[in-house]
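Me: I'd like a close look at a single part of this one. Here is what I'm working from.

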Amino acid sequence: MNTHEWDHAPRNAEWYAEYEARFARFLAREEIDALSIGHHECPTCQVPWDDVGHCPKCDAEAAEVDEPHFSWKPCEGCGSRLGGERHRATGWHNQSQMVVTFEVCADCAYYASFGRLDDVTMEIVGGAR
Ligand SMILES: [Zn+2]
Ligand SMILES: [Zn+2]
């Protein structure tokens, strides 16, 4: 399926298999093992959050900064071009020893955290595990 077809394909078992393949290809392409959702540091001060998710410099809260925003930008994880929530995500690039950042859709944010999609979607695609 090309990206255009895939964006409008019904969510079923085939769609889910394609989704998982796309997500795996994304990790391989970016050379990261896993994706973490949220900012790994305060985007304003560029210092790591403290233990309770506060910025030690400006007192910003990670939870507020991590609020998803609406965007038409394609998801950098699965490549979906449908507008929707975009979440900040980071990965550790071993070779360069650097944190790399991405904007991913709600599906990818969920998948990165739980290794599957939400209950409603899993029900539809028949892949409840
Ligand atoms: Zn700050
Ligand atoms: Zn995605």
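Leaving aside its neighbours within four places in sequence, which residues is Ala 112 in contact with? Take me through the surroundings of that residue, please.

Reply: Bear in mind that this is a predicted model. Once the neighbours within four places in sequence are set aside, Ala 112 is in contact with Leu 35, Ile 37 and Ala 89.

Let's start with the helix. Ala 112 is one of the buried residues of H4, together with Asp 107, Cys 108, Ala 109 and Tyr 111. Those buried residues pack against H2, S1, S3 and S4. Confidence is on your side here: within the chain, H4 has the highest value, a mean of 97, while helix H1 (residues 3-8) has the lowest, a mean of 87. For the chain as a whole the average pLDDT is 94, and 98% of the residues score at least 70. Just past the end of H4, Gly 115 has a positive phi of about 75°.

Now the core. The largest nonpolar core has 16 residues, and Ala 112 is among the six that touch the most other members, the others being Phe 23, Cys 78, Ala 89, Val 104 and Cys 108. Two or more residues come from each of helix H2 (13-30), S4 and helix H4 (106-114). H4 is the top contributor, giving 4 residues. As background, nonpolar side chains in soluble globular proteins tend to be buried together.

Next, the strands. S3 (residues 84-93) and S4 (residues 98-105) are paired antiparallel, with 8 bridges between them.

Glu 31 sits in the loop between H2 and strand S1 (36-37), and its phi is near 55°, positive although the residue isn't glycine. Glu 31 counts as partly exposed because 13 other C-beta atoms lie within 10 Å. Asp 59, in the loop between S1 and helix H3 (62-65), also isn't glycine and has a positive phi, near 70°. With 9 other C-beta atoms within 10 Å, Asp 59 is exposed, since the cut-off for that is 12 or fewer.

Definitions and conventions: Residues numbered from 1 in each chain as written. Chains lettered and ligands numbered in written order. Predicted model: local features only at pLDDT ≥ 70, side-chain atom pairs only at ≥ 80, totals over all residues. Pairing = 2+ DSSP bridges. Core = buried A, V, L, I, M, F, W, Y, C linked by C-beta atoms within 7 Å. Buried ≥ 20, exposed ≤ 12 C-beta atoms within 10 Å, placed from the backbone. Contact = placed C-beta atoms within 7 Å. pLDDT = per-residue confidence, 0-100.
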